[in-house]
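Here is a short briefing for a first look at a model. Keep the sequence and the 3D view side by side while reading.

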Amino acid sequence: MSTTTLPTTGAQVRLGPGAGVPTVETEGQLRSILASLSGVDAVGAEARAARLATRSIKRATKWAALDLAISMVDLTTLEGADTLGRVSSLCAKARRPDPRDPSIPSVAAVCLYPDLVAHARERLEGSTVKVAAVATAFPSGRASLAVKLADVRDALDAGADEIDMVIDRGAFLSGRLGQVFDEVVAVKSICGDAHLKVILETGELVTLDNVRRASWLAMLGGADFIKTSTGKVGVSATPTVALVMLEAARDFAESTGRLVGVKVAGGIRRSKDALRYLVIVNETAGSAWLTPDLFRFGASSLLNDLLAQRLMQRRGVYVRPDEFSGD
Amino acid sequence: MSSRPLANSELGWLAYDPAPESASLARLAPSYGLFINGTFTDPGAHEQVPTLNPATEATLATVAHAVDEDVDRAVRAARHAYDTVWSVTSGAERAKYLFRIARLIQERSRELAVVETLDNGKPIRESRDVDIPLAAAHFFYYAGWADKLDHAGYGANPRPLGVAGQIIPWNFPLLMAAWKLAPALAAGNTCVLKPAETTPLSALILAEILQQAELPPGVVNIVTGDGATGAALVEHPGVDKIAFTGSTEVGRAIQARLAGRGTHLTLELGGKGANIVFDDAPIDEMIEGIIDGIFFNQGHVCCAGSRLLVQETVADEVLRRLERRVEQLRVGDPLDKNTDVGAINSRAQLTRIEELVAAGESEGATRYSSSCALPEQGYWFAPTVFTDVSQTHRIAREEIFGPVLSVLTFRTPEEAVSKANNTTYGLACGVWSEKGSRTLWVAERLRAGVIWANTYNRFDPTSPFGGVRESGFGREGGRQGLAAYLDV
């Protein structure tokens, strides 16, 4: 995956036209950048997301969108009870979501705890499927920076292509923005070629103003992706949160020329929801983001529903859930 | 068409395949009579006038043109129903009918939405999600008031006015009918409703609903026709109240005709609403609000935010984002569920929009129009934004009633207020700021009936709506809306 550079000709931005990624050397600089961001009116943002949910995706657009959504899935298992066998089966499914139909694209990645990375790496050899590891004391982020970095190194050593780190929500909510930023920078600095996804855990940030500021903080810190949630707290991805994060990614790109991806995770189970997210992507950040390089779904059961919808489109009748392997 | 290059990012948007709602849901009759005394008259007994689908210019149906004698029959039917039935029907009983009507509108909402979109040209998304649900909501709301008029703040046992003549516009045909009929019926009046010439169909479906609801004959009568039909209603001595929504010009003529008579009058007329944007506004939601303010219903909205007053410090950024968003609007087949902007309602209205836009260009304003493709058949106008507009331009003063926004800038809150108030109208304004104290300071000084804060074009039956100055008088909606139909 490589980020493409957006033409910035003529674009005027809050942070200075074509300014590039602003340097953040002090917490004061970071604060002033975040303070310059526009507020979010929650009522208006909810209304916008709700209206986009009424888009009607039919025919060829639906076909293309279902395949696109499949190719954007980070097939995820993050359970204490995960086994090597389960990971093997997940990897097989990631490569070839439905063995009967080779025209179905592989998913984007599998997403696992770091100790399972080596096994997954082996199972995915020769495929395009990436291995993503949750690290930095996932899901709470409550550990020292040294432990978090060790966690990341461990996953990288085992062969992870992507690191899904969590931010320190306690620090963010208590105003220690510099600390949160420094952790993102520190993790990014050891990631090398591996892509860094920064999980904001928006369910704990609560307000959309916080979501916008945390998005910018992560992008300024070097995130390749900003991600909504761990899936481990009560509120995960919502269309409104995705809308605000995509606005942030769009504005950041116009300001700096760097395209940062967005990953929605947690609670997305139905194809209908996935298509609604794609509509929000299309009409907020634009079709440039409609690629697995820049938009992902962190999900497990969503994949089977996408497969079922796809088959239903072809057959014209509903499909039994048992036609596809469980995970 | 665009005289200024876009300063847009080059992100691109994916097109969606067509997703049209089925026109056959409309189940229209080839021709309609008048709805008088609970029954439809024989269509063949009247001159029949076609009503067009503005998106295709095809004839949808023909409707009767009511002449003076027809209006007289309708008013006499309403008078008889008032004297013998409705004035002696209890509030609780009147509420029962209103609740029925509301539920029937909900039950037939899909059909009504398609009819509204076919006849008016508005996107099905709007008729489905705004017009029809709000029409039902108005009947539900006023049904609740019918047996509680003693507690409406007008003293014990407030009396209805009698027979109300109600003349409604073409921009929200069913919704305007609901705004007029629901409070009138709740308060105990009987009605003669005159739908707009170009959009009579949903009112005729409503007539079927009134029959289904077994509303006593004559309580509501619906006479279709043109301005002459409306004039006959205004002139009729048997009418106790005229409620008119439409242009200031016609409103003024009606008021002149009624001078010296005891006929009650409320007028909801034109507007030139200002959407005032301060530099601390929530920018993404504000852009959506500007878009909704002027492009909702193709700008055929009396309270449209047709003037954008933007603080100079953020003007460039607001315009850049606004033009990007305008480019994104999907203009086309109103029945397509993904259409954002539909057809202009009539040839006459399109001509007026074109005339004013030409005036804007010749007076020196800078025009930007969406590069969207427009269908060849039908009446269409691309969403348009004028910059470099001054207060003296016609496009800053006259109501365009189309998808055309005039952008002006200001530097201080005082200047914003003074520019916003520098109009003969006074219907609606919007204020966008995250600073509550400033919003209130501005709102207190704006001369307009409705002021929205960090939103625009939001309607609710509980909230009174109406204008000041040349935007008219009287309120519709809320407890205040009852006063228009009570002798208080």
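Arg367(B) stands opposite Phe386(B), a residue of strand S14 of chain B. This is a predicted model: local features need pLDDT of at least 70 and side-chain atom pairs count only at pLDDT 80 or more, while totals for chains, interfaces and linings use all residues. Residues are numbered from 1 along each chain as its sequence is written, chains are lettered from A and ligands numbered from 1 in the order in which they are written, and side-chain values use heavy atoms, with hydrogens and water left out.

**Around strand S14 of chain B**
- Strand S13 (residues 366–369) of chain B pairs with S14(B) in the antiparallel sense over 4 bridges. Two strands pair if DSSP finds at least two bridges between them.
- Strand S15 (residues 404–410) of chain B pairs with S14(B) in the parallel sense over 3 bridges.
- In S15(B), Ser406(B) is opposite Phe386(B).
- S14 spans residues 384–387. Thr384(B) and Phe386(B) point one way, Val385(B) and Thr387(B) the other, and all are buried.
- Buried means under 20% relative accessible area, exposed over 50%, and partly exposed in between (1.4 Å probe, protein chains only).
- Strands (E, at least two residues) and helices (H or I, at least four) are DSSP runs, numbered from the N terminus.

**A mixed sheet in chain B**
- An open sheet of 3 strands runs in the order S1-S5-S4 (chain B), with mixed pairing.
- S1 (31–32) and S4 (48–52) of chain B are the edge strands with a single partner each, so one side of each has no neighbour in the sheet.
- S1(B) and S5 (residues 59–64) of chain B pair in the parallel sense over 2 bridges. There, Tyr32(B) has Val63(B) as its bridge partner.

**Two packed helices in chain B**
- H2 (residues 91–107) and H4 (residues 124–145) of chain B pack at about 165 degrees, with axes 8 Å apart. Axes are lines fitted to C-alpha atoms, for helices over the stretch in contact, and angles run from 0 to 180 degrees between N-to-C directions.
- H2(B) and H4(B) are therefore roughly antiparallel (over 145 degrees; under 35 is roughly parallel, 65 to 115 roughly perpendicular, the rest oblique).

**Backbone exceptions**
- Most residues other than glycine have a negative phi, and most peptide bonds are trans.
- Glu214(B) has a positive phi near 55 degrees. Its relative accessibility is 56%, so Glu214(B) counts as exposed.
- Gln298(B) has a positive phi of about 55 degrees. At 0% relative accessibility, Gln298(B) counts as buried.
- Phe138(A) and Pro139(A) are joined by a cis peptide bond, with omega about 0 degrees.
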